[in-house]
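Here is a friendly tour of the side-chain packing in one protein chain. Have the viewer open and follow along.

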Amino acid sequence: MALRLHIVTCSTRPTRVGPSVAAWFVERAREHGRFEIVPIDLAEVALPLLDEPEHPAKRDYRHEHTRRWSASVASADAFVFVTPEYNYGPPPSLINALDYLYHEWHYKPAGFVSYGGISGGLRAVQVEKLTLTTLKVMPLPDQVSVPFVQKQLDEQRRFTASDAQTRAAAGMLDELHRWAQALKPMRG
């Protein structure tokens, strides 16, 4: 049975480019062939600002949107977060989605495809890694960075990666697979 990789589009802005970058990465992951691919778009998940009355460690979820999100995250073996950088940090939609749950994240690896301006989203990823380690997620050092993402979009806002980004994606997927296999017994 293949390990399940959730590729999470983190931005929810109406004018976002995340879906274009995510579509490119989903294809790379399918070509890689070692995961069952599950695209997740936080705009479609549509979690309200954290509204659960109990701490997520209790797993006493009162809302159906939380129970659906819990089942989704629990079913994953690994994650790739396709993330922009907002004001040197992560998009609020991602932090909100992470904060909804606790146990469901444990002992799973995470990779990043970050995009933005001059930093290519690297500053956001550094902050995201801090949050993820608190949730017992293993953030990988391998990642894909897309500086000046607008230069890699065509007139229809489709993303075209550089050769270096494509190689980085392949390397990250290899590492994700290794870590997902290694961590799976810890969740048993």
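This is a predicted model: local features need pLDDT of at least 70, side-chain atom pairs count only at pLDDT 80 or more; totals for chains, interfaces and linings use all residues.

Leaving aside its neighbours within four places in sequence, which residues is Ile7 in contact with?

## Around Ile7

Once neighbours within four places in sequence are set aside, Ile7 touches Phe25, Val26, Ala29, Ile37, Val38, Pro39, Ile40, Val80 and Val82.

Ile7 also belongs to the largest nonpolar core, where it is among the residues with the most contacts, together with Leu5, Phe25, Phe35, Val80 and Val113. That core has 29 residues.

## Who builds the cores

H1 contributes the most, with 6 residues.

There is also a second, separate core of 24 residues, and Trp69, Ala76, Leu94 and Leu135 are among its members. As background, nonpolar side chains tend to be buried together in soluble globular proteins.

## Aromatic pairs and a cluster

Searching the whole structure gives 7 aromatic pairs. One of them joins Phe79 and Trp105, with 5.0 Å centre to centre and 55° between the planes, a tilted arrangement. This pair links distant parts of the chain: Phe79 is in strand E3 (residues 78-84), while Trp105 is in the loop between helix H4 (92-99) and strand E4 (108-115), and 26 residues separate them. Phe79 and Trp105 are both buried.

Why is the pair of Phe81 and Trp105 tilted? The ring planes of Phe81 and Trp105 are at 50°, and planes count as stacked under 30 degrees and as edge-to-face over 60, so this angle falls in the remaining class. The ring centres are 6.4 Å apart, and the pairing cut-off is 6.5 Å.

Phe81 has a relative accessible area of 2% and Trp105 has 1%; buried means under 20%, so both residues qualify. Trp105, Phe79 and Phe81 come together with Trp69 and Phe112 in one aromatic cluster.

## Charges over rings

Two arginines are worth a look as well. Arg13 lies over the face of Tyr86, 4.0 Å from the ring centre. Arg123 places its charged end over the ring of Tyr88, at 3.7 Å from the centre of that ring.

Notes. Residues are numbered from 1 along each chain as its sequence is written. Side-chain values use heavy atoms; hydrogens and water are left out. Rings of Phe, Tyr and Trp (its six-membered ring) pair if their centres lie within 6.5 Å; planes under 30 degrees apart count as stacked, over 60 as edge-to-face and the rest as tilted. Helices (H or I, at least four residues) and strands (E, at least two) are DSSP runs, numbered from the N terminus. Buried means under 20% relative accessible area, exposed over 50%, partly exposed in between (1.4 Å probe, protein chains only). A charge sits over a ring if NZ of Lys or CZ of Arg is within 6 Å of the ring centre and within 35 degrees of the ring normal. A nonpolar core is a set of buried Ala, Val, Leu, Ile, Met, Phe, Trp, Tyr and Cys residues joined through side-chain atoms within 4.5 Å. Contact means heavy atoms within 4.5 Å.
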